[in-house]
Amino acid sequence: MNTTSSPGKPLPHGPLAAATATPAPATPTVPPATTTTANQPPPRWKRLPPGLLAGILAALVILLLPQPEGLTPGGQRILAVLAFAVIVWLTEAIDYAVSSVLIVAMIAFLLGTAPSAANPEVAVGTGSALTTAMSGFSNSGLTLVGAGLFISVAMTASGLDKRIALRTLAVVGTGARRILIGAIVVTILLSFIVPSATARTACVVPIMAGIIAAFGVDKRSVFAASIMMMVAQATSVWNVGIQTSAAQNLLTVGFMRQMLGDSPSWIEWLVAGAPWAIVMSVALYFLARWLFPPETERIAGGREAMKKALSELGPMSGKEWRLLIVTLCLLGFWSTEKTLHSFDTASTTLVGLSILLLPGIGVMSWKDVQSKAPWGTLVVFGVGIGLGTALLQTKAAVWLADLAVSNLHLETLTPFWIFAALSAFLIVIHLGFASATALTSAMIPIMIAVLQRLGGDINVMGMTMLLGFVVSFGFILPVNAPQNMFCFGTETFTSKQFTRFGLWITAVGYLMLLLFAATWWNYLGLLTKS
């Protein structure tokens, strides 16, 4: 975000000046060659976003520091890249995709010119360093994210997501209480079949806005505010419950496969996360009713408006039926992974996507995908894994883990309190991030390294999954998640209202994390080895 102040209105110059200026005296008092700098644009470096300059400065400081004991030269340089990435992501100084390109270039040259760990007399080489930086694009997690985003495009293009949302709301009802419940139920259903939080929100928000307008309710009413905030918050809650519902979950899974050699299946994630999400959904409803009681409980004409919206959609098209069948088949394969078959989630999803793209059978063309898919998300995802890989290969993540363990005395804590401490840290640091994917890229490799460093009876894979849940805690500020900003753009609520709601959700959510860690997740053996 460029925060450089705009210059004042420039004085007339050129032909305009000649046409409007007062006639000059015959003998000019100022030589013609003399010019004033008052209206000159600032130097180009001053036009750079402050966040970008701060990131570059932080990277330079780390590079110029004496090499710490136990840290390789390559590790020090990758920490400089990490500092740059975190500051640029925190400040949103530049677009995430653009920052990803810069990060790849920095890894290629900073790591490429560093001494090799195997042979300090030889440099790593820019080719090898670039391979490391781009390694995320060969990760199966990227395949799953890409396929999921393309399926989301199919949902939007066919209108199936809108039909499911309207059908659900029609069944739930149109009273004030029922609309809130309907918003939660719609979010849950779409979380299973639309693998993108932003796409789900983009589907539900226009429907809810239409309901608000059809009911004759002012968009600045408390009722309208509670509906839109509920959509955003319920989306974040169910990002926790379902593995394929958010890119950050798949990035966490990708890091686990890379660092631990294994990852939880779709159903294992669901068994662990869905109960927490269900409890939080109930909490969301009661918090919304308590904090933002609606002006009226009954809204005349609601059911008629819903029926009208459904009738305008008409009967289900062939494309919708085919998409629904493919989606249900994918759900079946996802939920039976490691039990009825050994096909991984990414592979089965790729097959489903292939069917949806087939001419004559599919529901969309490649041109639809090209124009509607958020390609920047894929770029950030791939580069995020590459940065994590560089942290691991240079042992920078291990060095940071040793530093954290020794300074925070984590080795003296039980697995429960280690989880409590690391969860609190992730919740607090999320306040500065507008992307859970960026937060995952920066923090999950370090979290895994910390858990591995602690060792003992900690279930590293299980606790990493639970920390992956916490990454979705973007409840407090509108800028903490894309779905928050999407709903905020409807102008139905203020950031103060959202923060008030979000603080309560975060407090309840954290307490629920601790309760589940002491009970259900402990029973599943996710904190300690069985």
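The model is predicted, with local features requiring pLDDT of at least 70 and side-chain atom pairs pLDDT 80 or more, while totals for chains, interfaces and linings use all residues. Residues are numbered from 1 along each chain as its sequence is written, and side-chain values rest on heavy atoms, leaving out hydrogens and water.

The volume of this second largest cavity is about 30 Å³, taken as the space filled by probe spheres set on grid points that are joined across faces, edges and corners. Its lining receives at least two residues from each of α8 (176-193), α9 and α10, where helices are DSSP runs (H or I, at least four residues) numbered from the N terminus. Helix α9 contributes the most to the second largest cavity, with three residues. By class, three of the residues lining this cavity are nonpolar, three are polar and one is charged (Asp, Glu, Lys and Arg count as charged; Ala, Val, Leu, Ile, Met, Phe, Trp, Tyr, Cys and Pro as nonpolar; the others, Gly among them, as polar).

In total, two cavities of 30 Å³ or more were counted. The lining of the largest cavity comprises four nonpolar, three polar and one charged residues.

The largest pocket, an open set of points with protein on both sides within 12 Å along at least five of seven lines, has a volume of about 910 Å³. Its lining numbers 47 residues, of which Thr-198, Pro-374, Thr-377, Thr-437 and Pro-482 are the closest to the centre. Among the elements giving two or more residues to this lining are α4 (96-111), α9 (197-214), α10 (222-241), α17 (375-393) and α20 (436-454), although the largest share, seven residues, comes from α6. By class, the pocket lining holds 24 nonpolar, 19 polar and four charged residues.

The rings of Trp-276 and Phe-473 are tilted, because their centres lie 5.6 Å apart with 35 degrees between the planes. Since Trp-276 belongs to helix α12 and Phe-473 to the loop between α21 (460-470) and α22, this pair ties together parts that are 197 residues apart in sequence. Trp-276 is buried at 1% relative accessibility, and Phe-473 is likewise buried at 4%, where buried means under 20% relative accessible area (1.4 Å probe, protein chains only), exposed over 50% and partly exposed in between.

Phe-516 and Trp-521 form a further tilted pair, with 5.4 Å from centre to centre and 45 degrees between the planes, and both residues are buried. Phe-516 and Trp-521 also belong to a cluster in which ring pairs link them with Trp-269, Phe-419 and Phe-469.

Methods. On a 1 Å grid over the protein atoms alone, a cavity is a set of points where a 1.4 Å probe fits but cannot get out, and a pocket is an open set with protein on both sides within 12 Å along at least five of seven lines; lining residues have an atom within 4 Å of a point. Rings of Phe, Tyr and Trp (its six-membered ring) pair if their centres lie within 6.5 Å; planes under 30 degrees apart count as stacked, over 60 as edge-to-face and the rest as tilted.
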